[in-house]
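Subject: Structure for your review

Dear colleague,

Please find below the structure that I am handing over to you.

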Amino acid sequence: MFLRAWCVASVLGAALVPAAAWAQGSIAIDHKAVDCIVAGKFPKMNSCFTPNSDVARARVYFRPEGVQSWYYVEMKSDAPCMSGILPRPRKDLVGKHVEYYLQVSDRSFNESRTAEYNPRVVGNEQECKDKALAPYLSKASVQVFPGLPAGFAAGGLGAVPVVGAAAGVAAAGVGIAAASGGSDSTTTTTSTTPPIQNTTTTSTTTSTTTSTTTRPSQQAFRFVFNVLPKPPKGVEPLKVTIDMCQSTPAGQLRFFYNFDGGNFDHIGGQCSQTRTLSQTGVSSRFLPSTTFPRQFKFPLEGCAEPQGHPEDRQCGNATAVVTEASLTSSAMRVAPMRRGAATRRLAWASELNLEGGAGQVVANGQDAVFASKGRSMAVASGRKGDNRIEAQVVQGSGKPGTWRFELAPTASLEPGSIRVIAGDVAVLTGDAITFRLTGQPGERIVFTFKAGR
């Protein structure tokens, strides 16, 4: 009796169970974390959001133990709060953990999220003992994005809560299941209404002929989501392609595209779309980073669904990072001299031999310039003694290359004072250094040198 009463409180959510509130963004999340998930059941994650009227989208992200990628389900209204139903873990996951967290976005694209929780998969309710057991459904139809992870099952139609299910409504041909407590026992009643049919009727003055053809079974839907370039990062104007052409059945799918985090900006039968992303004209929701050079992030989303079956829609998403174009000039760039800085000038020649490459160079942690592929010159404010140069690959094709720095243009350079902090050195001389690069964006090199009077 106590266990059943506890489960009722869990299903009703934050209205009856104290919960931790999270408010990193503009919306507070009121969610009761769980310690256990029952194998073979559909976990139901409940949460209240404040203010609820500002919620634009809420999701439950999850992943099985040992898996790097996150999967998610959309949360839906479950008055007075919202809930997200996860796919059911199979028996072979018993004893392992499933990580999850909740994330909510408001109408201005601000996000709030909970901490990451790590409940254990148990074989039955008794194994959870006095810990918090996730409320669950015995039957459900669950849509997981971008696809179903190994060790889980999405289930079938007829979602019914394990507690408090007094009644349900079924369409023609759909079973109604009812369950009480946390048991697996169900009672199923099936309507006798015949299946959906295509019917053509022809009438004449003498007779009426009716031909009936049962709709053929739907070909299995397979969703594949790709974004090019991979990863979608680079200097503006950056052409980005969302490609879902490997999805099947070919020729029988509708596609949806979203390149800026708003509403879908293209719907149709084409399996790929390309957009040129640029900070020009970008709305205020794409706030640039405070680092130099400035970067803008574009949420990308692509969905596909079989014709006439919107309930089977599947989606994938990614984020494109676009670096401001005005910083890509290969001509000499002068970093702004900061008030109070010494008048000593640092100067160097940068030679970036990297396919599709571009980089950022920061001098002494304050002055930054952008280095494009090929040879360029740059200057920055310096200081007597040690000066520090940090360089990072912003854009690259993944093919190896080199990055050479010649410091001879710095008149006060002390020859032979170059010291390597990070990076793979190919050649080091008294006034120059060359690094080997793998060509991956984010690759970092650091070195220091001394300047005299």
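A residue is called buried under 20% relative accessible area, exposed over 50%, and partly exposed in between. Glu390, with a relative accessible area of 24%, is therefore partly exposed. Please note that this is a predicted model.

Salt bridges

Glu390 forms a salt bridge with Arg388 through their side chains, at 3.0 Å from N to O. Arg388 has a relative accessibility of 29%, so Arg388 also counts as partly exposed.

In total, the structure contains 15 salt bridges. Another of them joins the side chains of Glu406 and Arg375, with an N to O distance of 2.9 Å. Because Glu406 belongs to strand β34 (residues 401-406) and Arg375 to strand β32 (residues 374-381), this pair ties together parts that are 31 residues apart in sequence. Arg375 is partly exposed, its relative accessible area being 46%. Both residues also belong to a network of salt bridges that links Glu351, Arg375, Arg404 and Glu406.

The hairpin of β36 and β37

Strands β36 (residues 424-428) and β37 (residues 432-437) are paired in the antiparallel sense over four bridges. Together they make a hairpin, with three residues between the two strands. Within this pairing, Leu428 is placed opposite Ile433 of β37.

Since Arg436 is in strand β37 and Asp424 in strand β36, the pair ties together parts that are twelve residues apart in sequence. Arg436 is partly exposed, at a relative accessible area of 42%, and Asp424 is partly exposed with a relative accessible area of 42%.

The five-stranded sheet

Which order do the strands of the open sheet take? The five strands run β21-β27-β26-β23-β24, and their pairing is mixed. The edges are held by β21 (233-235) and β24 (266-268); each has a single partner strand, so one side of each is left without a neighbour in the sheet. On average, neighbouring strands of this sheet are turned by 20° against each other, direction ignored.

Inside that order, strand β26 (residues 295-306) and strand β27 (residues 314-323) run antiparallel and are joined by ten bridges. Phe298 stands across from Ala320 in β27. In general, strands of a sheet pair through backbone hydrogen bonds, in either a parallel or an antiparallel sense.

With kind regards

Conventions. Residues are numbered from 1 along each chain as its sequence is written. This is a predicted model: local features need pLDDT of at least 70, side-chain atom pairs count only at pLDDT 80 or more; totals for chains, interfaces and linings use all residues. Side-chain values use heavy atoms; hydrogens and water are left out. Two strands pair if DSSP finds at least two bridges between them. Axes are lines fitted to C-alpha atoms, for helices over the stretch in contact, and angles run from 0 to 180 degrees between N-to-C directions. A salt bridge is a side-chain nitrogen of Lys or Arg within 4 Å of a carboxyl oxygen of Asp or Glu. Buried means under 20% relative accessible area, exposed over 50%, partly exposed in between (1.4 Å probe, protein chains only).
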